[in-house]
Amino acid sequence: MIRSLGKYVLMLYHIFFRPEKFSVYWRRFLDEVIQLGVKSLFIVTLMSAFMGAVLVIQTATAIESAWIPDYTVGFTVKQSMLLEFCPTIISLILAGKVGSNIASELGTMRVTEQIDALEVMGVNSIGYLIGPKIIAALFIFPIVIMYSMFFGFFGGGLVCYFTEIISVKQYLLGIRTFSGDNYEFIKYALTKTIVFAFIITSISSYFGYYLKGGALEVGKASTNAVVYSSVFILFANYILTQLILI
Amino acid sequence: MIKVNNISKSFLGVEVLKDISFTFEKGKTNLIIGKSGSGKSVLTKCIVGLFEPDNGEVYYDDRKFSVLKPKEKKEVRKEIGMLFQGSALFDSLTVEENVAFPLRMFTSMSESEILERVNFCLNRVNILNNNSLYPSELSGGMQKRVAIARAISLRPKYLFCDEPNSGLDPVTAIVIDELIQEITVEYQMTTIVITHDMNSVLEIGENILFIDNGTKNGKVIRNKF
């Protein structure tokens, strides 16, 4: 356990070594932005829209009362999406998609001696392979989460439009209600996202980079990356919520 | 020239290399031979710095590798080209990008100069018109040749080849062997080939280190006729 933690810290330390050539690292950063962020947009859109839609139906059904105004549905959806569903649930989804991808990519590179090849050439393999992934995730994940918020609200709006469970006007009114705290909530959500992005990429990279063995171990590393990233996301979520919101 | 003095290496208490000393000569195809598990690859990894030996020293032309600063070690490594057993080409890069990789990383050459050098290296190993293919689209022999092209792209002083013939048919194996020997003489490199293929030994071996169970069991200097 302590040994693993030490290796993890050393890995992070190596990321901050001076790049051999900035232009090569910059190209790697752009590739990773596409790989980790842009290529995740489809699943994020799908997840967010359906989450928003289901939330509208569940909330509307749960608070069906003459005493509670319809716009409460929109307000509840907004709060749930901003505070928890978009930053945390989407990050857990990304931990599955991106985390397994990173661990299996680096694990395969380890097994096929591609990482050794980099080391023999004199390249800082951790800096070259892992550094751009972490920085790209820190940059693109907050954008992906804001995109997810939009599609979450949009999905909820579509349900209102097609089912008339509440009117779209009431739904939008609910989203706009008590908007004074929105800035704080978005700041909270994005702070969480940045921490989660770091957790997902660094933990998954650790499992892939230090893999020993063959194809079987690549599969195990991939699973471990997802499991550990998810567990640490849940812990971090609790700690950050207590620190920021209370 | 690469000299190793009294190299020993253990893993979890098992001694894999025991007090090995040898001099690999410049401009010659030096061979490390021995049966599987005898410690050939471990010795090579100790020489290139992927493993740190428990005892002993490695000298690259009088530069004692273990006492060099990290920056100086990096400089030595830029003078090393290595052909791995499985070629170790980068999956996500094309043939051209693989060969260009060390040039882009370590030189300030312009893109046109890089392309010129890449094409020269690929021509040298007889890979023509395959620049845009990915490693997975190449045969084993072609992958080995691209890996050699990548290894020589920075004009290395030292070339390491870890079982260059593994997984290849006998005809392609001879082609790869001959290519390694030709470029060794052409660039006056210190080449170290690890093999257990006796055809390679007879074909290209000039200065041969025989390892058995982690110990040096013989040295052969072969004169070509």
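1. In chain A, A:Phe153, A:Gly156, A:Gly157, A:Cys160 and A:Tyr161 of helix α7 meet A:Val168, A:Tyr171 and A:Ile175 of helix α8; contact requires C-beta atoms, placed from the backbone, within 7 Å. By class, this contact has 6 nonpolar, 2 polar and no charged residues. Here Ala, Val, Leu, Ile, Met, Phe, Trp, Tyr, Cys and Pro count as nonpolar, Asp, Glu, Lys and Arg as charged, and the others, Gly among them, as polar.

2. This is a predicted model, in which local features need pLDDT of at least 70 and side-chain atom pairs count only at pLDDT 80 or more, while totals for chains, interfaces and linings use all residues. Residues are numbered from 1 along each chain as its sequence is written, and chains are lettered from A and ligands numbered from 1 in the order in which they are written.

3. The axes of α7 (residues 131-163) and α8 (residues 168-176) of chain A come within 9 Å and cross at roughly 155°. Axes are lines fitted to C-alpha atoms, for helices over the stretch in contact, with angles from 0 to 180 degrees between N-to-C directions. The two helices, α7(A) and α8(A), are therefore roughly antiparallel, the term for angles over 145 degrees.

4. Between the chains, 15 residues of chain B are in contact with 13 residues of chain A. On the side of chain B that touches chain A, α3(B) gives the most, with 4 residues. By class, that side of chain B has 10 nonpolar, 1 polar and 4 charged residues.

5. Chain B has 7 helices and 10 strands, taken as DSSP runs (helices H or I, at least four residues; strands E, at least two) numbered from the N terminus.

Technical notes
Angles under 35 degrees count as roughly parallel, over 145 as roughly antiparallel, 65 to 115 as roughly perpendicular and the rest as oblique. Two residues are in contact if their C-beta atoms, placed from the backbone, lie within 7 Å.
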